[in-house]
Amino acid sequence: MASGGGVDSLTDLEHSVSGLSRRRIITLLGSILVAISAGTNYVFSAYAPQLGTRLRISHTQLNVVGLAANIGIYTSGPIWGRIVDSRGPRTPLAIAFVCFLVGYTGMKRMYDAGTDSGTSISSAHFALLVICGLLTGLGASASLASAVNSTAKSFPESARATTVSLVFSGLGLSAFLYSTAANTLFPGDTSAFLLLLALATSISALVALFVVRPIPLPSTALGLRVDENEDCEQPPGGFFTGPDIDTVCIGEEDSLLGSGPGYESSSTSEVGGARTRSKTDSSPDIHGKMLWSTPEFYLVCTIMSLLSGTGLMYINNVGSISLALLAESNPNYDEVEASKWQAAQVSTLSIGNFTGRILIGLISDLIRNQFHLSRAYCLCIVSSLFILSQALAIEISSVSTLWLATALLGVAYGGLYGALPTIVIDWFGLAHLSENWGFVSLAPLIGGNVFSVMLGRDLDAHTPREVTNSFPGVGPVSPEQQCLMGRDCYVSSLRITLVACVVALALSTWAAIRDGRRQGGG
């Protein structure tokens, strides 16, 4: 009887694995879809100059709007992470739907209303614009936390970096897809572009609400023992569970051979509300107060702040950079041509971002699985790419070659966000991934705020205060709102970020060596 029950259990397991494979693919595809919507903050520079001109606000004020979205993304990360870790992705996705719809619709309404000729918008209206930016960031953070968490918990460790990087690649491809759609369907129409963002992002979150959920791994993939005495536990029902979390089989609890700080003796991991205990894997479980007392946490946050801050500065201002280069070399400035160059930079950045996220996931798995080295070595690659991008951007003086620096920075930025989640898992464990990643994601607030405001002030300092006749064809982008002096508009800021990236490379090298020694494989 016992033997027959064991065979039946194994047979059921084989059938469940086959069924779960389709559901894993659906979860992955749904996660990529919602990640594409979560990446719409990267398309900000495609409409920011037009928004600034329409509302007559400065470059520094535009950067504040962009930073509001970034603040929404990064400050809410730990909150969404805790919700997703404990209750599943449904609630964050529902909130993301509302945030996307209200945020982008509010921007569109303010753009359509414009302002009285010769005057800037009032402080109250500017505050509303900042709130709209903040809402888009909150929606992006909620949806991305749901997508990454569900994907990471649905695939085994050997494929985790690749599948998570696929989700993050959707984030990177977002700007290209949306800017291309806007330029194809309604070129030059910023109002229609904002409407597209409002509808597409909110609908994507609504679709993901029904298809994105963590699919627990079979016990064989988790290293669990399957026998006839194994019981199957169904997590408690309710709005936050149900279809979000599938039945998980839990065996008896055995202790591992040895443990240390941050490691559970039974290597307990959480999948939604259910818990599974591994018999063979001693992965770390560092979270909460223990995370904040771990040196590696501050090391990865410093690297993140320097590199992502550099990336955010460039991403939020690449439209203005391209317009400055174009205006310097072309006295017969044409708004239609300018918008094409602007969109080209955003698309190039997006494709590079997408490519970096895909490549770094493959490289990360190769480094770990084939060469048995620490994944932290990927940070050295990423830091080097950031350095090259900033050095190129400093030297480039023509808008026709700016794409080289833009593409390189896109690959570097995508690589950073493709590599870090799996490094966070390796260093701190999977059980509290979303919460830990949320805390790490606070780091860009420092670098992003400092570098972006620095470049905004740099652009404003070189922007003429009076309308001149030097650029008679400027049209809607008035010299009062646009710097027209080429490299001089921004190069001093890039020199500072170049130094920051060199520091990040030194820290990345130290992190890789340190982690390699800890693992005994580097």
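# Notebook: contacts, bridges and a nonpolar patch

I began with the contact pattern. Of the contacts in the protein chain with a separation of 6 or more, 82% join residues 24 or more positions apart. The model I am reading is predicted.

**Overall make-up**

I listed the secondary structure next. The protein chain has 17 helices and four strands. Then I checked burial. The protein chain has 522 residues, and 57% of them count as buried.

**Confidence**

The mean pLDDT of the protein chain is 78. A score of at least 70 is reached by 77% of the residues. I then went through the elements. Helix 13, residues 377-395, has the highest mean pLDDT, 95. Strand 2, residues 248-250, has the lowest, 38.

Which stretches stay under 50? I noted residues 222-281 and residues 466-480. The model has 126 contacts beyond four places in sequence for residues 222-281. For residues 466-480 it has 28 such contacts.

**Salt bridges**

How many salt bridges does the structure hold? I found six. I looked at several of them.

I took D112 and K108 to start. Their side chains meet in a salt bridge, with N to O at 2.7 Å. Both residues lie in helix 5. They are four residues apart, about one turn of the helix. D112 is partly exposed because its relative accessibility is 34%. K108 has a relative accessible area of 18%, so K108 is buried.

I moved on to E296 and R514. These two form a salt bridge, and their closest N and O atoms are 3.1 Å apart. E296 sits in helix 11, residues 295-329, and R514 in helix 17, residues 491-519. The pair therefore ties together parts that are 218 residues apart in sequence. Is E296 buried or exposed? E296 is buried, with a relative accessible area of 17%. R514 is partly exposed, at 31%.

I then opened the bridge between D426 and R375. The N to O distance is 3.0 Å. D426 belongs to helix 14, residues 402-428. R375 is in the loop between helix 12 (335-369) and helix 13. This pair therefore ties together parts that are 51 residues apart in sequence. Both D426 and R375 are buried. I also traced the shared partners. Salt bridges join R368, R375 and D426 into one network.

G81 is in helix 4, residues 77-87. Its relative accessible area is 0%, so G81 is buried. What does G81 touch, leaving out residues up to four places away in sequence? It touches S434 and E435. I also looked up G81 against W437. The C-alpha to C-alpha distance is 7.4 Å, while the two residues are 356 residues apart in sequence.

**Nonpolar surface patch**

I searched the surface for nonpolar side chains. A nonpolar patch of about 610 Å² turned up, made by L33, V98, L101, V102, L195, L199, I203 and V207. Which elements give two or more residues to the patch? They are helix 5 (90-113) and helix 8 (190-211). Helix 8 has the largest share, with four residues.

I followed L199 up. L199 lies in helix 8. Its relative accessibility is 43%, so L199 counts as partly exposed.

**Cysteines**

C132 is buried, at a relative accessible area of 10%. C501 is buried as well, at 0% relative accessibility.

Terms used: Residues are numbered from 1 along each chain as its sequence is written. This is a predicted model: local features need pLDDT of at least 70, side-chain atom pairs count only at pLDDT 80 or more; totals for chains, interfaces and linings use all residues. Side-chain values use heavy atoms; hydrogens and water are left out. Patches are made of residues with over 30% relative accessible area and no salt bridge: like charges are joined within 9 Å, nonpolar side chains (Val, Leu, Ile, Met, Phe, Trp, Tyr) within 5 Å. Accessible areas come from the Shrake-Rupley method with a 1.4 Å probe; for residues, only the protein chains shown count as cover. A salt bridge is a side-chain nitrogen of Lys or Arg within 4 Å of a carboxyl oxygen of Asp or Glu. Buried means under 20% relative accessible area, exposed over 50%, partly exposed in between (1.4 Å probe, protein chains only). pLDDT is the predictor's confidence in each residue, from 0 to 100. Contact means heavy atoms within 4.5 Å.
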